[in-house]
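The following questions and answers examine a protein model. Please read them with the sequence and the coordinates at hand.

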Amino acid sequence: MFRLQGSKTLAVDLTGDAVKAKNGSMVAYDGRMAFKKMSGGGEGLRGMVTRRLTGEQMVMMEVKGQGTCYFADRASEINLVSLHSDTLYVEASNLLVTDAGLRTGTSFTGLRGGANGNGLFTTTVEGTGRAAILSDGSAVALRVAPQYPLNVDPGAYIAHQGRLQQHFRSGVNFRTFMGEGSGESFQIRFEGDGLVYVQPSERNTLGGDV
Amino acid sequence: MPFREINSKMVEAVVSPGRKMYSQRGAMLAYRGDVSFTPNIQGGQGGLGSMIGRRVADEAAPLMTVEGSGTVMFGHGGHHIQVIDLAGDTLCVEADRLLAFDGTLQQGTLFLGSQGGVMGMVRGQVTGQGLFTTTLKGHGAVAVMAHGGVIELPITPGRPVHVDPQAYVAHHGDVANKLSTALGWRDMVGRGSGEAFQLELSGNGAVYVQASEEKL
């Protein structure tokens, strides 16, 4: 049902069903479509309050109808993710479209959020279905296995799924304080079993400067 | 086919004597052979009348004439380039999106009010197109710029296409467009889905849509 048209436009075929999409991301459609903003990301009153409190704002709309709807956002690359009763952790600003059947929520990320400039909370997408996430440049999905942990630059991290534990690592030493840091003083270390999505571009982060 | 796509952001065109082209001023990247670039004060074809028309319509993109014999490469601002071939039909595009086009094409300006009267003018204002748009007519090729990649959506009778005005790039063929609103009470209280205005294109032709909602 989700098709990529090029790498930057997503086509979704709808037959009376619905998808959740980032507010204002529709670029074109044919057939009949109705767009409705979902207050609080469609998570009810509790979700709405949580999002307000955590600052993990997500403005989504429900798109329902018959035909094909095209989505794109600021010429960002789009990546499709399949979920099989699985949880995807992604920044709200990187989430483009999800199946209506997937549940969204917020979760605490710990110290990592502070360093990658995303805040202390992240958005979770849970259930079985497909989601489309945005990246600056085409993203790579890196597999993490129990014997192969992965270290990621916080500014290049966009999402992860599976059973992963994350630790925050810092390589701060006296050189960093002398202003001779390598720019790679902070990393996120993923351990367990799952996939990590990394983009070929780094956001401006607190950790990236040192 | 005078344009050859080198990559998604550069095109190469062949000019020969008697076969000139128009391009946006400053969009030449490199050339081979004996080619001259003449700034075109009139901003395109036609005489003084069309020049004044374009000035009044604020569709006076600075153009230059490319003549001689050789090959010229065009690109601008790292924008994606889409080459559109016209076979006798009319392409409607904003002047600032035009990168280069064949000298054989006829350039003109279209008053949006002439398509749907007052609603046409309202549409121009809402979409940020202004009250006028540029038309190109005839046989030849046009290179237009867009932010992000471009997709082409066919329009067939009975199957209209709705486009976000900010993502609209150009359209060609026998197409009528009107602004459709889906304004509801939600938009009035600031809880809109951000998709309150759409361009509805119906008829026979194609519309080009960019993968971004940013203007050039």
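Q: In the hairpin of strand 1 of chain A and strand 2 of chain A, which residue takes a positive phi?
A: Strands are DSSP runs (E, at least two residues), helices are DSSP runs too (H or I, at least four), and both are numbered from the N terminus. Three residues lie between the two strands of this hairpin. The residue with a positive phi, near 75°, is G6(A).

Q: How may the numbering and the values be read?
A: Residues are numbered from 1 along each chain as its sequence is written, and chains are lettered from A and ligands numbered from 1 in the order in which they are written. This is a predicted model, in which local features need pLDDT of at least 70, side-chain atom pairs count only at pLDDT 80 or more, and totals for chains, interfaces and linings use all residues.

Q: Which residue is the bridge partner of F2(A) in strand 2 of chain A?
A: Two strands pair if DSSP finds at least two bridges between them. Strand 1 (residues 2–5) and strand 2 (residues 9–22) of chain A are joined by four bridges and run antiparallel. Within strand 2 of chain A, the partner of F2(A) is V12(A).

Q: Which strand of chain B gives the most to the side of chain B that touches chain A?
A: Contact requires C-beta atoms, placed from the backbone, within 7 Å of each other; by this criterion 24 residues of chain B meet 20 residues of chain A. Strand 10 (150–155) and strand 11 (161–163) of chain B each supply at least two residues of that side of chain B. The most, three residues, comes from strand 11.

Q: Which residue of strand 11 of chain B stands opposite A28(A)?
A: Strand 3 (residues 26–38) of chain A and strand 11 of chain B run antiparallel and are joined by three bridges. Opposite A28(A) stands V163(B).

Q: Why does V125(A) count as buried?
A: A residue is buried if 20 or more other C-beta atoms lie within 10 Å of its own, exposed if 12 or fewer, and partly exposed in between, with C-beta atoms placed from the backbone. V125(A) lies in strand 8 (residues 121–135) of chain A. Leaving aside neighbours within four places in sequence, its contacts include L83(A), L88(A) and V90(A). V125(A) counts as buried because its C-beta neighbours inside 10 Å number 24.

Q: How many C-beta neighbours inside 10 Å does E195(B) have?
A: E195(B) lies in the loop between helix 3 (185–188) and strand 13 (197–210) of chain B. E195(B) counts as buried because its C-beta neighbours inside 10 Å number 24.

Q: What is the mean pLDDT of chain B?
A: The predictor's confidence in each residue, from 0 to 100, is its pLDDT. The model scores ipTM 0.73 and pTM 0.80. In chain B, 75% of the residues reach a pLDDT of 70 or more, and the mean is 80.

Notes. Two residues are in contact if their C-beta atoms, placed from the backbone, lie within 7 Å.
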